[in-house]
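I opened my notebook today to look through a protein model piece by piece. Come along and check each entry with me.

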Amino acid sequence: MKFFTKFLLFFLVSIQLLNAQQNISSARIEFVFVSKDVDGTVEGFQSSSEIIPEDLTSSKFEGSVAVGTIKTGNFLRDWNLKSGRYFDEETYPVITFKSSEVSVIEDGLKVIGTITIKGISKKLTWFFERDGNTLRGAATLFSSDFNINIKKGREDNKVEINLILELG
């Protein structure tokens with residue numbers, strides 16, 4: 001009987017730990033500047049997110065990335081993107097996101113929040129799919145909405161972003 005009681009207690013504690021808040025242990029951020037077919041990554045991810053598996057709608061997604069870590073595979077392009085003409089890393093060293101609403105949808109999660117780039121804040125919607133301890137998100141923005149005018153037309157400044165979060 002003692003064995004069964006200990007086993008039951010261990011099982012209940014294990015379930016509680018599995019249902020507890022999960023932190024983001026790592027993140028990968030990839031982007032594609034569609035009209036120029038340029039892809040790249042951004043690193044320096046910092047997060048204070050709270051992922052609550054048993055009540056995902058109570059979760060909070062909040063984090064930042066360092067502008068200085070933009071990589072497109074071309075050193076001169078990266079240097080130019082970080083300059084005052086585009087991202088202005090010296091004045092605005094981070095890009096931030098903070099969720100305002102998390103909802104469960106058929107294929108995963110919909111996370112609505114505010115992204116701030118170059119001191120300009122805009123609404124951004126992420127769509128996430130969950131695969132075990134991995135959340136894969138996708139969002140679209142237009143760089144010209146943040147005074148980063150690579151091309152003249154708004155549609156030509158479309159950027160698709162993929163965010164891969166590992167929960168730990």
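Here are my entries, beginning with the sheet and ending with one serine.

**Entry 1: the sheet**

I noted at the start that this is a predicted model. Next I looked up how the strands are arranged. I found nine strands in an open sheet, with antiparallel pairing. Reading across the sheet, I wrote down the order β2-β1-β9-β8-β7-β6-β5-β4-β3. I also wanted to know which strands sit at the edges. They are β2, covering residues 38–42, and β3, covering 46–47, and each of them pairs on one side only. As a reminder to myself, strands of a sheet pair through backbone hydrogen bonds.

**Entry 2**

I then picked β7 and β8 and asked how many bridges join them. I found five, linking β7 (residues 120–131) to β8 (residues 134–142), and the two strands run antiparallel. For a landmark here, I marked Phe128, which stands opposite Gly137 in β8.

**Entry 3: salt bridges**

My next search was for charged partners. Side chains of opposite charge can pair when their charged atoms come close. The structure holds three salt bridges, and I took them one at a time.

- Arg28 pairs with Glu30, and their closest N and O atoms are 2.8 Å apart. Arg28 is partly exposed at 43% relative accessibility, and Glu30 is partly exposed at 26%.
- Asp145 meets Arg154 through their side chains, at 2.8 Å from N to O. I read 24% relative accessible area for Asp145, so I listed Asp145 as partly exposed. Arg154 is partly exposed too, with 42%.
- Glu160 pairs with Lys158, with 4.0 Å between the closest N and O atoms. Glu160 has 34% relative accessibility and counts as partly exposed; Lys158, at 26%, is also partly exposed.

**Entry 4: a serine in a loop**

Last, I went to Ser143, which I found in the loop between β8 and β9 (158–167). Is Ser143 buried or exposed? Its relative accessibility is 7%, so I wrote it down as buried, given that buried means under 20%.

What does Ser143 touch, leaving out residues up to four places away in sequence? My list has Phe33, Ile148, Ile150, Asn157 and Val159.

Notes. Residues numbered from 1 in each chain as written. Predicted model: local features only at pLDDT ≥ 70, side-chain atom pairs only at ≥ 80, totals over all residues. Heavy atoms only, no water. Pairing = 2+ DSSP bridges. Helix = DSSP H or I, 4+ residues; strand = E, 2+ residues; numbered from the N terminus. Buried < 20%, exposed > 50% of the residue type's maximum accessible area, 1.4 Å probe, protein only. Contact = heavy atoms within 4.5 Å.
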